[in-house]
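Please look over the sequence and the structure below before reading on.

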Amino acid sequence: MNLNLGQVVFLALLQGITELFPISSLGHTVVIPGLLGWGDLVDNERFLPLITALHLGTALALVIYFWRDWLQVLRTLWKSIKEGQVQRGTEEWVSWLIIIGSIPTGILGVFLEKPLKQLFASPVIAATFLVVNGSLLFFGEALRRYLTAQEERRQARKDVKTLLRPLASLSWKEAVLVGLGQSLALIPGISRSGASMVAGLGVRLSHEDAARYSFLLGTPIIFAAAVLEIPQLFGLSGSVLLLVFAGMVLSGLAAFLSTKFLLKYFETGNLYPFAVYCWVAGLVGLVLLFFVLHTAS
């Protein structure tokens, strides 16, 4: 696989930023290299393992950022297993919500591996689903506002925050629903964080809690994908592997800063700006790809 430092730096920054922002990292890493004429790299069978390695850098950054949360998860899981029971609304229950929410993506990823890899090779499909992702974010945000307004009128409350729920109050069925939302990101162009956040908003989590749950849910999935894909890189030369490692570090740094920014943003912000961005990026990508493919033919 021909890989240079400029490509690694570009892909690492692209991955580290777009993985956490609800704008689809996979969509960007398929569409933009296609527009830059990196067809030989994208078509290489080791391109997906390379992107997975960059994802692993992102996951490690999330573990570092949420280290207190993950330490609490390990403690509470051990406690609930030791005691043989767990109660909804507790910290132990939050730990199990992370496990339950990760299951749908894991199962679908295993059974749909081959067709999903075919989608990964198509920049046009990825650009199309970027537009779909924008619509998902827009209508998800609009639906949450409508349902909250209806509930607000029904209960005659003026403070919207009192209508929102803490993460620990979710049922296992609602965790599965959020997990199914996350599984949509198996399609390049659909954002993992965006889809799971929309599902979280749908069960009346706050933007901040929906983002936190989304970031925690993504970590086990990324590690599982790394175990399956990254071994395919082991046959590469030492210099290329060194580039990949440097990309993982850079991707992790970008992801750490993105997480810090987004958790602050979602204290008051919403999904509408990201929806507009996805519409514009997807449509511009489709137009440019049309001219690139037309010129190539």
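A patch is made of residues with over 30% relative accessible area and no salt bridge, and nonpolar side chains are joined into one when they lie within 5 Å. With that in mind, please note that this is a predicted model, and that the points below describe what was computed from it.

**The nonpolar patch**

- Ile 99, Ile 103, Ile 107, Leu 108, Val 110, Phe 111, Leu 112 and Leu 180 form a nonpolar patch on the surface, and together they have about 720 Å² of accessible area.
- Helix α6, which covers residues 91–111, gives the most to this patch, with six residues.
- With a relative accessible area of 38%, Leu 112 is partly exposed.

**The aromatic pairs**

- The count of aromatic pairs comes to 13.
- In one of them, the ring centres of Phe 21 and Phe 274 are 5.9 Å apart and the planes stand at 70°, so the pair is edge-to-face.
- Phe 21 lies in the loop between α1 (5–18) and α2 (25–35), whereas Phe 274 lies in helix α13 (residues 272–296), so the pair ties together parts that are 253 residues apart in sequence.
- Both Phe 21 and Phe 274 are buried.
- Phe 290 and Phe 291 also form an edge-to-face pair, with 5.6 Å from centre to centre and 75° between the planes, and Phe 290 is exposed, with a relative accessible area of 53%.
- Ring pairs link Phe 21, Phe 261, Tyr 265, Phe 266 and Phe 274 into a cluster.

Conventions
Residues numbered from 1 in each chain as written. Predicted model: local features only at pLDDT ≥ 70, side-chain atom pairs only at ≥ 80, totals over all residues. Heavy atoms only, no water. Phe/Tyr/Trp six-rings, centres within 6.5 Å; stacked < 30°, edge-to-face > 60°. Helix = DSSP H or I, 4+ residues; strand = E, 2+ residues; numbered from the N terminus. Buried < 20%, exposed > 50% of the residue type's maximum accessible area, 1.4 Å probe, protein only. Patch = residues over 30% accessible without salt bridge, like charges linked within 9 Å, V, L, I, M, F, W, Y side chains within 5 Å. Areas by Shrake-Rupley, 256 points an atom, 1.4 Å probe, with all protein chains shown as cover. Salt bridge = Lys/Arg side-chain N within 4 Å of Asp/Glu carboxyl O.
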